[in-house]
Structures are given as C-alpha cells and as structure tokens.
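Have the sequence and the 3D view ready.

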Amino acid sequence: MESSQLWNHLSQELFNNVGDDFLSNFREPGKANNRLAAWDPFDGTMRFFKFLLFNQCKAKPDEFFDNYQRLGNTLIGNPVTIRVVRRGMPIDVNLDHFFSIEEFSFLAKNIGLADVRHVIEIGAGFGRTAHALLKLSNAVETYTIIDLPNVLKLSSLYLKAVLNERELAKLKFVDALGLADNKELPCGTADLVINIDSYQEMKPEVIDFYMDNIAGNARFFYSKNAIGKYRPETIGLQSSLEAEKNDIFQLGRSREIIDIFCNAELEAARIRHMDAYRPSALFRVIAEAPLDVFPYYHNTLYARNRGQAT
C-alpha cells in the first residue's frame, strides 16, 4: 500500500531518526509533533495557544480532570501545559491529552465502553488515544494500532513509557504499508474502529481499503477529522513545498475548500462530511458534534445497523 507524497516527505524529514533522544523532546514547539497534533504552539509566542487551552479547561467538570489524572504521566515529550487546580489538586494539562479525555468522554457517553473489548486505531500518532482508552477502560482486551513504520516506532516507545505490563500486553502494532498485501488481515474484527485526524492525510483509495476491510466490519466506527480543506494563506501560512501543497488537496474524502471561519460553510460541510465518512450503507450516525476548540473538526460515531452481521 502506498503512502501519500505528504507522508513520504514527512517520514524522511521528521521521523527518520526515531529513538530515545527523539522521544525526549518531540512535543516541544517547532518539533515533529506539529505533524501529529492539532496545533504547533510555535506562533511567535505561546500566549494565545495557552489561553485557548486555559479557557477550554475552565468549562470542564471535575470528572473530566479525575479522568485526566488517571492517565498518569502525560508529560513525555515535553509538551506545553497550563495548570488547573481541581479538588485541591494541581494538574498540568496539555492539549493532546485534553483531546484524549474529550474523545473518551464522547465514546463513554454515546456507546458506553463496558462491552468494547477489541479496538483498532488507524493512524494513532504517538499513541495518546491508546494511552487513554487502556488506562480508562478495563474492558479493552486488545488494542491494535495501524500506522506507518516510523510512526509505529514512536508510538511503541511512547506507550512503553506510560503503560504497565498488563496494559502493554493488550497492544498490537501493524505496519500500514504491508497491510494490503496480506490475504488475511492481521488485526481481526473490532468492536470499535477509530480514526482521529489522519484520514484527511491519506489517499482516497487507501481510505477505501480501510473502510471496506476494517471499519466496515466493526460494530462502531468513530471518526474525528477535518470537514474540509482550507487555503494555507487564510491562516497566514505559506507552503514552500508546492508538491506537498497540491497533494494535501487531493487527500481524504472531505476535499472541498471551505472558509473554516464561516459558520454557514461549516454547517453545510458537516453534513457532507458525515455522509462521506460513513463506512457503508449498513452504518448510521448515532452521535455527532463539532469540536469546541476547532469547529472545522467533527466527532462522528457510526453504528452498524442492528441485525447486520459482520
């Protein structure tokens, strides 16, 4: 299976030397995590980034931070944090794990997780979602991560640093580049398949493969992806890689160029997006909501229609 031009470049440029030294600082401003996370705080100052996170935290209930603390060590990679004091306890919060708790809360509210035993995540980044679900849901028995080889090396290192032996034993890592060559997929059938912020960076035919062979066989599919494309110049970003820029506009299923700061365009794009990312006609949307932080991203939870065998 072939990766996009974008990730061919990123794998060689940013993830070619993944190791212990890389793990120690990859989440600092300007480092490699700006391609795995929602935001690179390197923006002149971190003032606006930190206020954004600070204000989002103010709206969260105590239970949110109870779960955050259950994650244990969330500071590997030296991320930018703000401090929240709840129930008399200071908590250093970073945006990556803030999102992880939001995602866990969304899933727990809408499907419950007591009978979700087998999870597959397509494109897990450094492993923050696996970290959260394995810490917060005792029901998970297996958690399979499918990703590119260099990123798998990072998520493996990260998860070994934050999980205990029992939790680590539930993990399986699958090389995405060799996946299509297997006559029998090495990841089985899942109760829940997850894709967070990576379908938009894949070629449409690669997404089709994952939908037909993995997400389409699950009981539930959870997508959290951008609902459209935007021109880099609308946020003051200029791309020096013309080939990469052109490749970006051809990736994902939600490829319409929209104004991400226009509520009407966002509302129309959300409707198109939820239909585009339905694994098949056998699935229906059972829960959906835009992100509070970045409303051009959308949480969508699909369930297989009752009576339909996997």
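## Before we start

This is a predicted model, where local features need pLDDT of at least 70 and side-chain atom pairs count only at pLDDT 80 or more, while totals for chains, interfaces and linings use all residues. Residues are numbered from 1 along each chain as its sequence is written, and side-chain values use heavy atoms, with hydrogens and water left out.

## α4 meets α5

Helix α4 covers residues 62–70; helices here are DSSP runs (H or I, at least four residues) and strands are too (E, at least two), numbered from the N terminus. The axes of α4 and α5 come within 10 Å and cross at roughly 115°. Those axes are lines fitted to C-alpha atoms, for helices over the stretch in contact, with angles from 0 to 180 degrees between N-to-C directions.

On the α4 side, Phe64, Asn67 and Tyr68 touch His97, Phe98, Ile101, Glu102, Phe104 and Ser105 of α5 (contact means heavy atoms within 4.5 Å). That contact has 5 nonpolar, 3 polar and 1 charged residues. Nonpolar covers Ala, Val, Leu, Ile, Met, Phe, Trp, Tyr, Cys and Pro, charged covers Asp, Glu, Lys and Arg, and the others, Gly among them, are polar.

## α5 meets α6

Now follow α5 (residues 95–110) to α6 (residues 128–136): they pack at an angle of about 50°, with axes 9 Å apart. The two are therefore oblique to each other, the label for whatever is left once under 35 degrees is roughly parallel, over 145 roughly antiparallel and 65 to 115 roughly perpendicular. α5 passes α6 in a right-handed crossing. Among the contact residues are Phe99 and Ile101 of α5 and Ala132 and Leu133 of α6.

What is the volume of the second largest pocket? About 430 Å³, a volume being the space filled by probe spheres set on grid points joined across faces, edges and corners. A pocket is an open set of points on a 1 Å grid over the protein atoms alone, with protein on both sides within 12 Å along at least five of seven lines, using a 1.4 Å probe; lining residues have an atom within 4 Å of a point.

Of its 21 lining residues, Lys60, Glu102, Ser105, Phe106 and Lys109 are closest to the centre. α5 gives the most to this lining, with 8 residues.

How values were computed:
A crossing is left-handed if the near helix is turned anticlockwise from the far one by less than a right angle, and right-handed if clockwise.
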